[in-house]
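Reader: I would like to go through a structure feature by feature. Please give the general idea each time, and then the case at hand.

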Amino acid sequence: MSGVPSRARWGLVLLVGLGVLSLVAGRLFPDTLASTCPLGVDPMRPDRTVCELAFGGLWVSLAVGLCAGGLATLIGLLVAAVARLLGGAWEQTILRGVDAVFALPDVLVVMVLQLAGQSLADAGHSGGLGPFGLMVASLALVGWAGPARMFRNRLATLEGQEFIAAARALGGGGTHILRVHLWPALRPFALAVFLSRLPTAILTESTVSFFGIARMEPMSLGRYLGTSYAALIYEGGSRVVLPAWALLVLLVLGASLASQALSASPRKAT
C-alpha cells in the first residue's frame with residue numbers, strides 16, 4: 001500500500017467500511033438497527049425504520065455491484081484470452097463484436113433486458129433467476145465489452161516483452177504461456193478492472209431501479225429512493241431521502257477511488 005496514492009487508499013477504506021457497515025447493520029443485526037434508529041419510521045412504510053431501509057438497500061446495491069462487476073470482468077477476460085489465442089482475422093472479428101457491444105447504451109439495454117426478463121418470469125419462464133439474478137445478469141451482459149478491450153490491450157502489451165518471446169522460443173504454446181507467464185502478470189490488472197466496474201454497475205442498477213423498471217427485492221438504494229422521493233414534499237421528508245442519497249454517493253465515490261488504487265500498481269510494475 002506504500003505506493004498507492006492517498007486518495008485511492010481513502011477510497012479502499014471507504015468502500016470496505018461501507019461493506020462492513022452494510023453487512024453488520026443491514027444483515028447481521030437488523031433488529032438492533034430498527035430499535036435504535038434516530039431517523040424514525042419511514043412514513044410510507046410504517047413497519048420499517050429509515051435506517052433499516054437505507055442500510056438494507058446499501059447491502060443490496062453493494063452486492064449487485066460486486067457480483068455484476070465480477071461476472072463482467074470474468075467474461076471480458078475470457079473473451080480477450082480467446083481473441084489473443086486465435087489471433088489474426090478471428091481476433092479482429094471478435095474485437096469488432098466487442099466494439100459493437102461497447103457502443104450500446106448501458107442503461108437503455110439494461111431496461112430492455114429487465115422488462116424482457118420480467119415478462120418471461122410472469123409467463124413462468126424465469127429460468128431460476130430472481131430479481132437479483134436478473135439484474136446481475138443484465139449488468140454483466142452490457143458491461144463485459146469494456147473489460148474485454150482492456151484485457152486484450154494488456155495481453156498484447158505483455159506478449160511483446162522479452163520473457164514471453166523467450167518462452168515461445170523454448171516451445172511454449174499459447175495456452176501454456178497464458179496460464180503460466182501472462183496470468184501472474186495480469187492478476188493485479190484484473191483486480192483494477194473489477195473495481196473499475198463497480199461504480200458503473202451500481203449507478204446503472206440505481207438508475208434503472210429509481211425509474212421503477214427493476215423489481216429489486218429486498219430494495220436496493222436506487223429502488224428505495226425511487227419509491228421515497230415524494231416524501232420531500234412533506235415536512236421532515238429529507239430525513240427519509242437524504243441518508244440513502246448520501247450512502248449511494250459514498251458507495252460510488254469509494255468504488256471510484258478504490259479502482260485507482262490497484263490500477264496504479266500495474267503501471268508501476270511495468
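Predicted model: local features only at pLDDT ≥ 70, side-chain atom pairs only at ≥ 80, totals over all residues.

Reader: Which residues of H5 and H9 make the contact?

Author: From H5 there are Asp106, Val107, Val110, Met111 and Gln114, and from H9 there are Arg197, Thr200, Thr204, Thr207 and Val208. By class, the residues in this contact of H5 with H9 are four nonpolar, four polar and two charged.

Reader: How are H3 and H10 placed, with what angle and how far apart are their axes?

Author: Helix H3 (residues 50-86) packs against helix H10 (residues 221-228) with the axes 7 Å apart and an angle of about 140°. Roughly antiparallel requires an angle over 145 degrees. H3 is therefore oblique to H10.

Reader: Which residues meet in that case, and how do they divide by class?

Author: On the H3 side they are Val50, Leu53, Ala54, Gly57, Leu58 and Ser61, which meet Leu221, Gly222 and Tyr224 of H10. The contact of H3 with H10 has six nonpolar and three polar residues, with no charged ones.

Reader: Now single residues. Is Leu251 buried or exposed?

Author: The cut-off for buried is under 20% relative accessible area. Leu251 has 0% relative accessibility, so this residue counts as buried. Leu251 is part of helix H11 (residues 238-269).

Reader: What is Leu251 in contact with, leaving aside its neighbours within four places in sequence?

Author: Its contacts are Leu15, Leu18, Leu58, Ser61, Leu62 and Ile202. Take Ser61: in sequence Leu251 and Ser61 are 190 residues apart, while their C-alpha atoms are 8.9 Å apart in space. Leu58 and Ser61 also belong to the H3 residues that meet H10.

Reader: And Glu159, a charged residue: is Glu159 buried or exposed?

Author: Glu159 counts as buried, because its relative accessibility is 17%. Glu159 lies in helix H7 (residues 145-159). Leaving aside neighbours within four places in sequence, Glu159 touches Arg84, Ile164, Arg168 and Leu182.

Reader: How many aromatic pairs are there, and how is such a pair read?

Author: The distance of the centres and the angle of the planes describe a pair of aromatic rings. The count here is three aromatic pairs. One of them is Phe151 with Phe189: the ring centres are 5.8 Å apart and the planes stand at 80°, so this pair is edge-to-face.

Reader: Where do Phe151 and Phe189 lie?

Author: Phe151 is in helix H7 and Phe189 in helix H9, so the pair ties together parts 38 residues apart in sequence. Phe151 and Phe189 are both buried.

Author: Phe210 and Phe211 also form an edge-to-face pair, at 5.6 Å centre to centre and with 85° between the planes.

Reader: Which of the labels buried, partly exposed or exposed applies to Phe210, and which to Phe211?

Author: Phe210 has a relative accessible area of 26%, so Phe210 is partly exposed. Phe211, at 55% relative accessibility, counts as exposed. Phe210, Phe211 and Trp245 are linked into a cluster by ring pairs.

Note on methods. Residues numbered from 1 in each chain as written. Heavy atoms only, no water. Contact = heavy atoms within 4.5 Å. Helix = DSSP H or I, 4+ residues; strand = E, 2+ residues; numbered from the N terminus. Nonpolar A, V, L, I, M, F, W, Y, C, P; charged D, E, K, R; others polar. Axes fitted to C-alpha atoms, helices over the stretch in contact; angles between N-to-C directions. Parallel < 35°, antiparallel > 145°, perpendicular 65-115°, else oblique. Buried < 20%, exposed > 50% of the residue type's maximum accessible area, 1.4 Å probe, protein only. Phe/Tyr/Trp six-rings, centres within 6.5 Å; stacked < 30°, edge-to-face > 60°.
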